[in-house]
Amino acid sequence: MRCFWDDRQRGHAPLTEFFNGNLHPAAEHPGRVDAILAALRTTEAPSDAGIEPILRVHDSGYVDFLHSAFTEWRSAGRDGDALPYTFPVVERRPLALDRIDAKLGQYSFDTATPIGEGTWAAAYWSAQTAIGALDAVLGGEANAFAFTRPPGHHAGSDYLGGYSYLNHAAICAEAALGSGRTKVAILDVDYHHGNGTQDIFAGREDVVFASIHADPSTDYPFFWGHADESRGNLLNLPLPRGTDWTDYAPALTRALDWIERHEPDLIVVCYGADTHEADPISFFRLKTSDYEPMARRVASLGVPTLILMEGGYAVDALGANVSAFLSGF
Ligand code: SP5
Ligand code: ZN
């Protein structure tokens, strides 16, 4: 399988994230990179498709903010990475505030997604990596893998969060539709609900979104991903902490049957290895040997498939988990 990666994606190197009342070492750190690259052997660098495919999904004010936030943070005399601390709660009136702290709050939904010096470039090249793999699939490959990092599925059209800045699945779905595909299915198997993707595509006829994830009554991102949000083009299948393959497999069958009924001409898989039993921030109990059958079931639909990397923080198991998943294709 052709695999895509750009070394500029390394430049995002957050040190800390804030949750449960404390700063913690960042889970989404560059140590993940070597673990996955070692498992991939060879990767191709993408060409530069420019900002246009990003702006088909993301608000231009948000993109400008991502681009300049770290410089503004430094100009405000701050050390370390930029993090928000004040948020406009739902229904606040829109304000065009200029202060960096106000903008960080406006465009973020959590305090775990810092912006550092290399964040914009890494997010930009992560998106290009996704588009490079998409182009391989649109060009006739049965499947391709983009090692997107930082990840993307928590980012909405005008917000960041969950270690995500640009929503690669959404960018690729829109690009595929712009290139003549007529229906795109996104299957999200990261441990966490893909809230950004759901927000971007809710109500659409040409994109369907199915997600299997930890129940948001116990797990991040809490405010999205509940079963009763399933309607029309959205299917949410929350599962309890402790879920193993025996309980996961029937949910996968439901998601794939639902996707098949929509007759997509492209599937985008958001793969997170944070469903693994050793993941330090997650609570499912999948094993490395479960990922190959998981992927084989997706492949059995016989639809061209783009695979994107989302989470997965058990660095020692990460390479084996990614290889196992890709081997199922
Ligand atoms: C792409 C992705 O997987 N993003 C996940 C973002 C989750 N960030 C929230 C961190 C809160 C973790 N709480 C876990 C408690 C562990 N004892
Ligand atoms: Zn996750």
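Me: In which loop does His153 lie?

Reply: His153 is found in the loop between strand E4 (143-146) and helix H6 (168-178). Helices (H or I, at least four residues) and strands (E, at least two) are DSSP runs, numbered from the N terminus. The model is predicted: local features need pLDDT of at least 70, side-chain atom pairs count only at pLDDT 80 or more, and totals for chains, interfaces and linings use all residues. Residues are numbered from 1 along each chain as its sequence is written, chains are lettered from A and ligands numbered from 1 in the order in which they are written, and side-chain values use heavy atoms, with hydrogens and water left out.

Me: Why does His153 count as buried?

Reply: Its relative accessibility is 1%. Buried means under 20% relative accessible area, exposed over 50%, and partly exposed in between (1.4 Å probe, protein chains only). His153 therefore counts as buried.

Me: How do you know whether Asp190 and His192 are buried or exposed?

Reply: Asp190 has 0% relative accessibility and so counts as buried. His192, at 7%, counts as buried as well.

Me: Which residues come nearest to ligand 1?

Reply: Of the 14 residues around ligand 1, these are Gly162, Tyr163, His192, Asp274 and Tyr313. A residue is near a molecule or strand if one of its heavy atoms lies within 4 Å of it. An oxygen atom of the ligand is 3.2 Å from a side-chain N or O atom of His192. For Asp274 the corresponding distance is 3.0 Å, and for Tyr313 it is 2.5 Å. Taken alone, ligand 1 exposes 510 Å², of which the protein buries 82%. Accessible areas come from the Shrake-Rupley method with a 1.4 Å probe; for residues, only the protein chains shown count as cover.

Me: What makes Tyr271 and Tyr291 an aromatic pair, and of which kind?

Reply: Rings of Phe, Tyr and Trp (its six-membered ring) pair if their centres lie within 6.5 Å; planes under 30 degrees apart count as stacked, over 60 as edge-to-face and the rest as tilted. The rings of Tyr271 and Tyr291 are 5.5 Å apart, centre to centre, with 85° between the planes, and the pair is edge-to-face. It links Tyr271 in strand E8 (residues 266-271) to Tyr291 in helix H9 (residues 288-299), 20 residues apart. Both residues are buried.

Me: Why is the pair of Tyr271 and Phe325 called what it is?

Reply: The ring centres are 4.0 Å apart and the planes at 10°, so this pair is stacked. Phe325 lies in helix H10 (residues 315-327) and Tyr271 in strand E8, so the pair ties together parts 54 residues apart in sequence. Phe325 is buried, as is Tyr271.

Me: How do you know that the charged end of Arg8 sits over a ring?

Reply: A charge sits over a ring if NZ of Lys or CZ of Arg is within 6 Å of the ring centre and within 35 degrees of the ring normal. The charged end of Arg8 sits over the ring of Trp125, 3.7 Å from its centre. That of Arg241 sits over the ring of Phe283, at 3.9 Å.

Me: What is the peptide bond from Arg149 to Pro150?

Reply: With omega near 5°, this bond is cis. Another cis peptide bond, with omega about 5°, joins Tyr220 and Pro221. Most peptide bonds are trans, and most residues other than glycine have a negative phi.

Me: What is phi of Asn20, and why does Asn20 count as buried or exposed?

Reply: Phi of Asn20 is near 50°, a positive value in a residue other than glycine. At 71% relative accessibility, Asn20 counts as exposed.

Definitions and conventions
A polar contact is a pair of N or O atoms within 3.5 Å; within protein, one must be able to donate a hydrogen and the other to accept it, and residues adjacent in sequence count only if both atoms are side-chain atoms.
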